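The following paragraphs lead the reader through one protein chain. Please keep the sequence and the model in view while reading.

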Amino acid sequence: MPTNTKPIGVAFEDPQLDGAIMGKTGGTAGFYGTTPIVQAAAITAVGNTATGTELATAINALRVALKNLGITA
């Protein structure tokens, strides 16, 4: 594959980058001016019989991960 020389904002429209991976193992990412961070830890999946506490824990983990990336305030 040829080297991509386009800025990141344009790269997603490039058909040569279909299925592209952003970043590398151990890399960092951040959005909207936040400090880039490493990938968040896995969030435990909840089953059909999850308690309110288990649901709240999973939802809060998602909220924290999104906030740390800068996706939400």
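Tyrosine 32 is exposed, because its relative accessible area is 75%; exposed means over 50%, buried under 20%, and partly exposed in between, with a 1.4 Å probe and protein chains only. Tyrosine 32 is found in the loop between helix H1 (8–11) and H2, where helices are DSSP runs of H or I of at least four residues, strands are runs of E of at least two, and both are numbered from the N terminus.

This is a predicted model, in which local features need pLDDT of at least 70 and side-chain atom pairs count only at pLDDT 80 or more, while totals for chains, interfaces and linings use all residues. Residues are numbered from 1 along each chain as its sequence is written, and side-chain values use heavy atoms, leaving out hydrogens and water.

Isoleucine 37 also lies in the loop between H1 and H2. This residue is partly exposed, since its relative accessible area is 29%. Beyond its neighbours within four places in sequence, isoleucine 37 is in contact (heavy atoms within 4.5 Å) with Gly27, Thr28, Ala29, Asn68 and Leu69. Isoleucine 37 and glycine 27 are 10 residues apart in sequence, and their C-alpha atoms are 8.0 Å apart.

Helix H2 comprises 18 residues (residues 52–69), so at 1.5 Å a residue it should span 26 Å, in agreement with the 26 Å between its end C-alpha atoms; the expected span is 1.5 Å times one less than the number of residues. Just after H2, glycine 70 adopts a positive phi of about 100°.

Taken as a whole, the protein chain has 2 helices and 0 strands, and 7% of its 73 residues count as buried.
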